[in-house]
Amino acid sequence: MRILKFLNLLILSITFVVSCTKKEDVILVGEYGSLTGDDATFGISTNKGIKMAFDEINAKGGIKGKKIKLITEDNQGKNEETAKVVNRLITQDKVVALLGEVASARSLIAGPIAQKNGIPMVSPSSTNPDVTEKGDFIFRVCFIDPFQGFVMAKFASQNLNVKKAAILRKTGDAYSEGLANVFSTEFKKMGGEIVADLSYQNKDIDFKGQLTEFKAKKPEVIFIPSYYGDVGMIAQQARQLDVKSTLLGGDGWDSPKLHEIGKEAINGSYFSNHYTTESTDPVVVEFIKKFKERYNNETPDGLAALGYDAAKILAEAMERTKDVSSIQIRDELAKTKDFVGVTGKITINEKRNAVKSAVVVQVENEKRKYVTSVAP
Ligand code: PHE
């Protein structure tokens with residue numbers, strides 16, 4: 001009896017020690033994103049940037065002698081899946097921090113879950129202002145849409161010198177509606193006129209009704225604050241209907257698939273973005289070189305760059321903590337100052353947002369020609 005009890009205890013304590021060391025010699029970070037679904041290139045690119053950043057850090061010894069272990073969950077670009085996978089990362093995997101999402105709508109779902117559980121979350125690329133307002137554990141390393149919308153309104157009115165614009169927005173999508181509203185307000189403030197402001201629904205594939213209406217109103221530019229898949233289809237149909245307006249958009253256009261879907265119809269259009277591959281800044285040049293070496297000569301898009309910056313900022317914050325606890329990571333993230341990123345110098349302000357410049361690029365097949373930068 002006694003021996004049995006002793007053996008039992010022994011086995012119990014061994015399992016305990018083993019499971020403890022397993023958890024304690026790595027730092028678990030959770031990533032959630034659209035690795036599949038309608039905007040899969042967002043999640044895939046971001047994941048590539050994050051992995052490259054953490055591998056570099058781990059190769060140099062990790063954080064306080066511990067390696068970072070990334071656990072990535074695919075939400076298929078769906079709202080319902082987002083809540084599910086984020087809850088799983090927090091309660092089952094017990095990650096100390098979260099990276100994600102790209103799409104504002106999905107960051108808006110994950111944010112309150114992270115906040116409630118006291119887990120810091122860094123969005124690499126969600127630009128809707130409400131994202132970080134969900135609580136003091138929510139951060140981002142990109143600029144926000146009030147700035148991005150201003151940039152495109154200013155570009156239309158001052159660089160392209162146009163007076164008449166139309167807007168095509170996706171109903172109910174936080175990013176699309178938010179950015180459309182800012183563009184409208186700013187463009188009007190600059191003396192422009194919005195001749196039509198129309199919308200479409202999630203999963204729509206026929207935009208001919210809206211485009212026909214635009215054609216009659218003759219806007220010089222059409223602002224389409226949507227993601228690359230919709231934009232590609234809209235551009236195709238616009239040209240089929242012989243709509244001549246220049247197409248403008250925001251960072252949601254940034255995907256290697258934009259030209260694949262939009263083909264020649266998308267060429268000559270402009271969008272605002274987080275960085276330019278034409279930069280001669282050594283930080284950017286080095287990043288692109290390493291990324292291409294690692295990923296089969298692929299040119300990193302803005303999402304890969306933001307994923308890389310977000311992961312590095314999180315790692316530096318973890319390094320500055322005493323015990324890498326979630327609350328200390330939160331406190332250190334808030335102190336991020338003058339971080340030299342691929343997407344610019346990053347300082348987190350009191351609203352947990354990054355204040356940075358934006359670039360405007362022009363689509364030329366798979367290339368994005370740098371046109372101008374706008375500082376905040
Ligand atoms: N800013 C977009 C959003 O908030 C996401 C995005 C960022 C898409 C960068 C592409 C490139 O929804």
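Which residue forms a salt bridge with Glu81? Select Lys84: its closest N and O atoms to Glu81 are 3.0 Å apart. (A salt bridge here is a side-chain nitrogen of Lys or Arg within 4 Å of a carboxyl oxygen of Asp or Glu.) Now show helix α3, residues 79-91: Glu81 and Lys84 are three residues apart in it, so about one helical turn separates them. Side chains of opposite charge can pair when their charged atoms come close. By the rule, the count comes to 21 salt bridges.

A word on what you're looking at. This is a predicted model, where local features need pLDDT of at least 70 and side-chain atom pairs count only at pLDDT 80 or more, while totals for chains, interfaces and linings use all residues. Numbering runs from 1 along each chain as its sequence is written, and side-chain values use heavy atoms, with hydrogens and water left out.

Zoom out to the whole chain.

Next, colour by domain: 8-143 + 281-357 for domain 1, and 146-273 for domain 2. These bounds come from an automatic or database domain assignment. The two C-alpha centres lie 31 Å apart.

Now go to the interface. Here 19 residues of domain 1 are in contact with 17 residues of domain 2, contact meaning heavy atoms within 4.5 Å. The domains bury about 1300 Å² between them, 59% of it on carbon and sulfur atoms; that is the accessible area (1.4 Å probe) lost on putting the two parts together, summed over both. Pick Thr41, Phe42 and Phe143: they supply 35% of the area that domain 1 buries against domain 2, more than any other three residues.

Last stop: Lys203 and Asp38, whose side chains meet in a salt bridge at 2.7 Å, N to O. On the domain 1 side, show α2 (40-59), α4 (104-117) and α11 (302-320), each supplying at least two of the residues that touch domain 2.

How values were computed:
Helices (H or I, at least four residues) and strands (E, at least two) are DSSP runs, numbered from the N terminus.
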